[in-house]
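Dear colleague,

I am passing on to you the structure we spoke of, with the sequence beside it. Please look it over first, and then read the notes below.

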Amino acid sequence: MHTKHVLVLNLLFEQSLKKSFDQRIAEVFETSDIKYDTIHLSHLDDGHNFNDYTHLLISGSTESAMEECSWYPRLDAIIDHFMSKNKSILGICFGHQFLVRHIIGKNHVRKSSTPEIGWTNIKLSDNQIFHTVDSLKSAVFHYDEVFDLDDRFEITATSDRCTIHGFQVRGEKIWGVQFHPDFTYNDVFEFTEDIRKKDPLFEEIHCRTDVSPDEFKQNDLILKNWIQLS
């Protein structure tokens, strides 16, 4: 069996978000002896050999999968490489949306009429990526969402305000989650307060579920399950 080796794409611009993502991935992967390497957005176009990687993790981003950016073709090419080798992929938030864009087109990503900021309850299917997750409360930071997916997609998670919080491509090792298991617990509160100061509609989109540190640890299982099952 080949050693599992994860390529992590950190596509975040803001230093606080980028740092929190890196810390969180280290928190989960290093304590589980998971081998991984991280490529930040500024180095996405550097010459990289992806042949030795078994898994691809795509982070969130403040960019929109509905729009166009200069680095999107490079991201498409990386996804193509992993899909062509039948390697495992997990997209988070923007990564979740970009996978849908990549597979069936950006006309399946839209502005959400019910954005979510803060913490919320996530309703889970019995998909294997949620193995041993008793119940899930997770962070949410999104103004866009995916919709109208075809039969290639199994819907794996929902919330009261978002009907597609997770998917798996049927018969493939490709998953997406709209929620965020990838920021540190304390930073979620800070990021929520930052948005409170910037968004005049904050009270309408604020999700107020109480989450303890122990409840937050259920999010670890999703990242670990993804590595172990594929």
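Predicted model: local features only at pLDDT ≥ 70, side-chain atom pairs only at ≥ 80, totals over all residues.

I begin with the helices, where the axes of H1, which covers residues 15–29, and H7, which covers residues 218–229, come within 10 Å and cross at roughly 70°. Since angles of 65 to 115 degrees count as roughly perpendicular, H1 and H7 are therefore roughly perpendicular to each other, and the crossing in which H1 passes H7 is right-handed. On the H1 side the contact is made by Arg 24, Val 28 and Phe 29, which meet Asn 219, Asp 220, Leu 223, Lys 224, Trp 226 and Ile 227 in H7.

Cys 69 is in no disulfide, the nearest cysteine sulfur being that of Cys 93, 15 Å away. For Cys 93, the closest cysteine sulfur is in Cys 162, at 9.6 Å, which is too far for a bond. Both Cys 69, at 18% relative accessibility, and Cys 93, at 6%, count as buried, because buried means under 20% relative accessible area.

The strand residue I would point out is Arg 208, which is found in E10, a strand of residues 206–208. Although Arg 208 and Ile 117 are 91 residues apart along the chain, their C-alpha atoms are separated by 8.6 Å. If neighbours within four places in sequence are left aside, Arg 208 is in contact with Trp 119 and Glu 203.

Thr 132, placed in the loop between strand E5 (109–124) and strand E6 (136–146), has a phi near 70°, a positive value in a residue other than glycine. At 46% relative accessibility, Thr 132 counts as partly exposed. Asp 148, which is found in the loop between E6 and strand E7 (153–158), likewise is not a glycine and has a positive phi, of about 55°. With a relative accessibility of 55%, Asp 148 counts as exposed.

Note on methods:
Residues numbered from 1 in each chain as written. Heavy atoms only, no water. Axes fitted to C-alpha atoms, helices over the stretch in contact; angles between N-to-C directions. Helix = DSSP H or I, 4+ residues; strand = E, 2+ residues; numbered from the N terminus. Parallel < 35°, antiparallel > 145°, perpendicular 65-115°, else oblique. Left-handed = near helix turned anticlockwise from the far one by under 90°. Contact = heavy atoms within 4.5 Å. Disulfide = S-S within 2.5 Å. Buried < 20%, exposed > 50% of the residue type's maximum accessible area, 1.4 Å probe, protein only.
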